[in-house]
Amino acid sequence: MAHRRTPRHRRTWTVTAAAIVIAGVVTPAASGATPASPCPPDGTYGPPLPSQAVTSQLIRSGFNFLEGPTWDRRTGTLLLSNMQNATGPQGVQPSAVLRYTPPATFETFIAASGSNGLAITADGTRVLAATHDNRTVSAYNLSDRSRTTVAAGYLGRAFNSPNDLTTGRDGTTYFTDPNYQRGNRADEQGGRTGVFRVRDGVVSLVDDSLPQPNGVVLSPDGKTLYVGATGANVIMKYTVFPDGSTGNRTTFANMRTPDGATVDCAGNLYWASYDEGLVHVFSPSGAQLGTISAGRNTTNAAFGGPDGRTLYLTSGVSGGGFGLYQTHLNVPGNPY
């Protein structure tokens, strides 16, 4: 639910236009009742992986730079951001939200979305977006694609470049704010990169001591928040209290260049390592359960599919070599 960058990990890349031709903007399928959650409250789950080292399968390649996949259960489609080269004097990366309809259809769903990380709201009516184009968190209505602002700044100062986000059943949204897509715009955060939450329109600081916070995800019960700090090669966890505030920060796991992440119904975490081209799978206790490979430079992962057990991964080489991958696992993903 997880994101980036002027291609990000302290690197500068010169890239060319994507080779793939994306179809024009389409009208969303008629919305109906949101399907029942794939996570039953009394569910019992076994091992999440069929083996300790799983290999994913390529669905389609030829994209410029993919990020932020999120599954829309109402329409049975996957939304994801396709980011382009930085342009203009401010050095900002254009992006669009694509919609993938299995098994093979890709369409532009929201042109010029300015988005990185995405997350469908609990009621299924909007997609939340970490939008670096105007340094905010936005929401796009899934019916008419109209845009509203969810979080405009903190204490009157603009964010760096919101990157990834996660939202709970109560609507509290947590998001990361590294500086990967800030480009040449002014630093209004005093050199700090942070984690924030927004609840009922009020933005609060979670942590401003993490170097380049990136992927962020809630546990299925909403009581634990996980944040990957790419600049420190560490995943942190925080206790979430009933009012959405956080505390009790501890180290959950160490891993190389943690990027985007998702979680299954059993609370197992799936964390993309950008440099390794892997997704590392951790139990809720932090034990390493195995890995899932998807080529190079893996940025994010999200569960979807009819039974919620298909894991989609975004991975590849910037400049037309990015692809969407998939693998079928044993435990369904948490829809939030």
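P258 stands opposite S273 in strand 20. P258 belongs to strand 19 (258-263), and four bridges join strand 19 to strand 20 (residues 269-273). These two strands run antiparallel. Strands here are DSSP runs (E, at least two residues), numbered from the N terminus. Two strands pair if DSSP finds at least two bridges between them.

This is a predicted model, where local features need pLDDT of at least 70 and side-chain atom pairs count only at pLDDT 80 or more, while totals for chains, interfaces and linings use all residues. Residues are numbered from 1 along each chain as its sequence is written, and side-chain values use heavy atoms, with hydrogens and water left out.

Five strands form an open sheet in the order 1-22-21-20-19. The pairing is mixed. Strand 1 (53-55) and strand 19 (258-263) stand at the edges. Each has a single partner strand, so one side of each is left without a neighbour in the sheet. From one strand to the next, the twist averages 25°. That angle is taken between axes, which are lines fitted to C-alpha atoms, with angles running from 0 to 180 degrees between N-to-C directions.

L289 sits in strand 22 (residues 288-293). Buried means under 20% relative accessible area, exposed over 50%, and partly exposed in between (1.4 Å probe, protein chains only). Beyond its neighbours within four places in sequence, L289 is in contact (heavy atoms within 4.5 Å) with residues including P48, L49 and F282. L289 and Y270 are 19 residues apart in sequence and 9.9 Å apart in space, C-alpha to C-alpha.

**The disulfide**

The structure holds one disulfide, defined as a pair of cysteine sulfur atoms within 2.5 Å. It joins C39 to C265, with S to S at 1.7 Å. The torsion about the S-S bond of C39 and C265 is about -80°, so the disulfide is left-handed. C39 lies in the segment before strand 1, and C265 in the loop between strand 19 and strand 20. They are 226 residues apart. Both C39 and C265 are buried.

**Aromatic pairs**

A search of the whole structure finds twelve aromatic pairs. Rings of Phe, Tyr and Trp (its six-membered ring) pair if their centres lie within 6.5 Å; planes under 30 degrees apart count as stacked, over 60 as edge-to-face and the rest as tilted. Two stacked pairs are listed here.

| Pair | Centre to centre | Angle between planes |
|---|---|---|
| W71 and Y312 | 5.7 Å | 10° |
| F175 and F196 | 5.6 Å | 25° |

W71 is in strand 3 (residues 66-72) and Y312 in strand 24 (residues 310-317), 241 residues apart. W71 counts as buried at 12% relative accessibility. Y312 is buried at 3%. F175 is in strand 12 (residues 173-177) and F196 in strand 13 (residues 194-199), 21 residues apart. F175 is buried at 0%. F196 is buried at 1%.

Seven of the seven residues of strand 3 are buried, so strand 3 is largely enclosed by the rest of the structure. Five bridges join strand 3 to strand 4 (residues 77-83), and the two run antiparallel. T70 has L79 of strand 4 as its bridge partner. The hairpin of strand 3 and strand 4 has four residues between the strands. There, G76 takes a positive phi near 65°.
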